[in-house]
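Let's go through this model together, one question at a time. Each answer sets a value beside its definition and then draws the conclusion.

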Amino acid sequence: MSTQDRLRWDASYTKGDAERVCALPAVFGPVEDVFPRTGVALDIACGTGGTAVWLARRGLRVNAVDVSAVAIARARRFAEQSAVSVDFDVVDLDDGLPPGEPVDVLLCHKFRDTALYGSMLARLKPAGLLAISVLSEVDAAPGRFRAVAGELRSAFGDLDVIDDGEGRGQAWLVGRR
């Protein structure tokens, strides 16, 4: 990611002082019960850590990454205040997924990099769960950060798809390897 993009994200998280909520993103709410309560999770583009903390409270050992050092600092404080342990790291995903063990859950909310789709699949343990949501061109204007219609189903359709959809500028898929 460019230095300018990283600075933009840092500035965004510096300004934003909204209360952090420990929660699964709403798009995955209808299938919350398929998320395991044990194992290892990787939260990609974790922001200020609300979902990472939710996963940790659920019983998972969580690794969470984001490009913004400001977001990661806030996420670490949030996890500490929530009395859970999460391994947070500043990672530029333009360099690929960080090295690590296979995971039981890989969650990626509102971050899209098609170059990572293959490594996301490869990182899942057998029976591992992928939960991904991205901005979409469906019911929205096209843009470089938006998925084209059918993109997630095409990229991840070999998984046992539990839930997926597109609309209102968002696409999502939850599937098991």
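Q: What covers the buried residues of α2?
A: The cover includes β1, β2, α3, β3 and β4. A word on the source first: this is a predicted model, where local features need pLDDT of at least 70, side-chain atom pairs count only at pLDDT 80 or more, and totals for chains, interfaces and linings use all residues. Residues are numbered from 1 along each chain as its sequence is written, and side-chain values use heavy atoms, with hydrogens and water left out.

Q: What makes α2 a mostly covered helix?
A: Buried means under 20% relative accessible area, exposed means over 50%, and partly exposed lies in between (1.4 Å probe, protein chains only). Eight of the nine residues of α2 are buried, namely G50, T51, A52, V53, W54, L55, A56 and R58. Just after α2, G59 takes a positive phi of about 120°.

Q: How many helices and strands does the chain have, and what makes a run count as one?
A: The chain has five helices and seven strands. Helices are DSSP runs of H or I with at least four residues, strands are runs of E with at least two, and both are numbered from the N terminus. Along the sequence the pattern reads α-β-α-β-α-β-β-α-β-α-β-β.

Q: Why is the pair F35 and W54 called edge-to-face?
A: Rings of Phe, Tyr and Trp (its six-membered ring) pair if their centres lie within 6.5 Å; planes under 30 degrees apart are stacked, over 60 edge-to-face, and the rest tilted. A search of the whole structure finds three aromatic pairs. F35 lies in the loop between α1 (3–15) and β1 (40–44) and W54 in helix α2 (residues 50–58), so the pair ties together parts that are 19 residues apart in sequence. With F28, these two form one aromatic cluster.

Q: Are F35 and W54 buried or exposed?
A: F35 has 2% relative accessibility and counts as buried. W54, at 11%, counts as buried too.

Q: What makes a set of residues a nonpolar core, and which residues have the most contacts inside the largest one?
A: A nonpolar core is a set of buried Ala, Val, Leu, Ile, Met, Phe, Trp, Tyr and Cys residues joined through side-chain atoms within 4.5 Å. The largest has 28 residues, and F28, F35, L55, V62, V86 and F88 have the most contacts inside it. Its largest share, five residues, comes from α2. Apart from it lies another core, of 24 residues, among them I44, L106, L124 and L130.

Q: Which residues does F28 touch?
A: Contact means heavy atoms within 4.5 Å. Leaving out residues up to four places away in sequence, F28 touches F35, L107, C108, H109, A131, I132, S133, W172, L173 and V174.

Q: Why are β3 and β6 called edge strands?
A: Two strands pair if DSSP finds at least two bridges between them. The seven strands form an open sheet with mixed pairing, in the order β3-β2-β1-β4-β5-β7-β6. β3 and β6 (160–167) each pair on one side only. Further in, β1 and β2 pair in the parallel sense over five bridges, and A41 has V62 of β2 as its bridge partner.

Q: How does α2 run on this sheet?
A: α2 touches β1, β2, β3 and β4, and its direction makes about 175° with that of β2. Axes are lines fitted to C-alpha atoms, for helices over the stretch in contact, and angles run from 0 to 180 degrees between N-to-C directions. α3 lies across β2 and β3, running at about 170° to β3.

Q: Why is S85 called exposed?
A: The relative accessible area of S85 is 60%, so S85 falls in the exposed class. S85 sits in the loop between α3 and β3.
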